Amino acid sequence: MECFEVTGGVRLAGRVRVTGAKNSALKLMAAALLAPGRTAVDEVPDILDVAIMSEVLRRLGCAVEYTRTPGSGGGGRVVIDVPDEPSTETDYDLVRRMRASICVLGPLVARCGSARVALPGGDAIGSRGLDMHIAGLERLGATIDSEHGFLVATAPRLSGTAIWLDFPSVGATENLVMAAVLAKGTTVVDNAAREPEIVDLCAMLTAMGARIDGAGTSTITVEGVDELVPVTYTAVPDRIVAGTWAIGAVMTRGDVVVERGVPGHLTVALDKLADAGAQVSVTPDGFRVVMDERPRCVDVVTLPFPGFPTDLQPMAVALAAVSTGTALVTENVFEGRFMFVNELVRLGASVRIDGHHAVVRGRERLSSAPVVATDIRAGAGLVLAGLVSDGVTEVQEVHHVDRGYPDFVEQLKGLGAQVERVSRPG
Ligand code: UD1
């Protein structure tokens, strides 16, 4: 069992470079399936989820190679060689380890006319249904069945159609756009997600020869084409990792330059940090966050982009836990996302949960204790909390953090933190 030992009381200061976004890179890798031949994606983070997606693609018949880029902060190039006729089945052992494996569904059914992808089941941050993925693919003409724990989709050729999403789901928007690019005719996805990762995926698909309009707005129009070609593409910087460093700087009253951080992808989050008392400025290569005093509590409401990202909610709760005053944090995207709060309370935080609201009363300092990371972002939030706790906080189950943050310990150390990865007998 691997843990992080985090020694509290050190201010984060210096420069940190963010790689491409996990949530984009995984989808760009899946998009490679849409064209036979050799696709290369740069700035792909060296994280467990990328290794799992590589395995998903290998089992579909692709050759996948990852090479780290020195000095990139944990990024690299992935080269995916896609066969003329990929296989179409993705097993439960992979989907269970990483739900995002489901994003091969759209490309496979579009390109191969069928796909068998294991159903992911529930996970630690909520039920995370697939109803919008399924309903959208059915509107495009696919027949979808569920058998023996697999979702089985078939369609000789998809046909363009109008799709209205009940909620701007990131995953459903991506799956449907990846399906529609090879469909016959025009598809309009309404109430589409607007995240920068969607814009990134659409930009890569466009470079591959797809015809897409409206990426980054609520209405995405896709004109189907007969075939796509492989490309070399660079993933958009990871706004969640960038936001994690920004919040860490504020919590520890530090001074951090986030290289490759895109302020426009974090407008609400950086505004909240400024409201908390931080000085946030744009630099030629990213942004800088400086904090000289104890932060003030600010209310946060998570929403689809451009709202405050749900993936930064655990860090926002951790921040409020050491700020002056009381903050109301509202979670609107994932119902189970406050589960980690019990761990934060073990560090002495004062948090009361009422449905999808958390009332956080700030304390001067937290107090170290062993805590358990329950998912990627909760783990990062607990590490930040450890940085402002008295003593040494042991964060357990850090394999969750490894799924989303390349070189996390090294990056933290580069900013002056005292943190070590240690192995304990399981
Ligand atoms: C992606 C991100 C995740 C981020 C989330 C929201 C990846 C790999 N993960 O997850 O880090 O927190 O976007 O920004 O990119 N829903 C349904 N039915 C569906 C689809 C979704 O009910 O068919 C619900 C989910 O249960 C959830 C909400 O919609 O409550 C948002 O989910 P979605 O936007 O699809 O998130 P993911 O794509 O799973």
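Predicted model: local features only at pLDDT ≥ 70, side-chain atom pairs only at ≥ 80, totals over all residues.
1. The structure holds 3 aromatic pairs. One of them is Y405 with F408, a tilted pair with 4.8 Å from centre to centre and 50 degrees between the planes.

2. Are Y405 and F408 buried or exposed? Y405 has a relative accessibility of 2%, so Y405 counts as buried, the cut-off being under 20%. F408 falls under that cut-off too and is therefore buried, with a relative accessible area of 3%.

3. Now to the domains. The domain assignment of the chain gives domain 1 as 2-16 + 238-423 and domain 2 as 24-234. Their C-alpha centres are 30 Å apart.

4. How many residues of domain 1 are in contact with domain 2? There are 23, and they meet 22 residues of domain 2. About 1,800 Å² is buried between domain 1 and domain 2, with carbon and sulfur atoms giving 55% of that area.

5. Polar links deserve a look as well. Between domain 1 and domain 2 the count is 4 salt bridges, alongside 6 residue pairs in polar contact, both residues at pLDDT 80 or more. By class, the side of domain 1 that touches domain 2 has 9 nonpolar, 6 polar and 8 charged residues.

Technical notes: Residues numbered from 1 in each chain as written. Heavy atoms only, no water. Domains from an automatic or database assignment. Contact = heavy atoms within 4.5 Å. Buried area = accessible area lost by both parts, 1.4 Å probe. Salt bridge = Lys/Arg side-chain N within 4 Å of Asp/Glu carboxyl O. Polar contact = N/O pair within 3.5 Å; in protein donor to acceptor, adjacent residues only side chain to side chain. Nonpolar A, V, L, I, M, F, W, Y, C, P; charged D, E, K, R; others polar. Phe/Tyr/Trp six-rings, centres within 6.5 Å; stacked < 30°, edge-to-face > 60°. Buried < 20%, exposed > 50% of the residue type's maximum accessible area, 1.4 Å probe, protein only.
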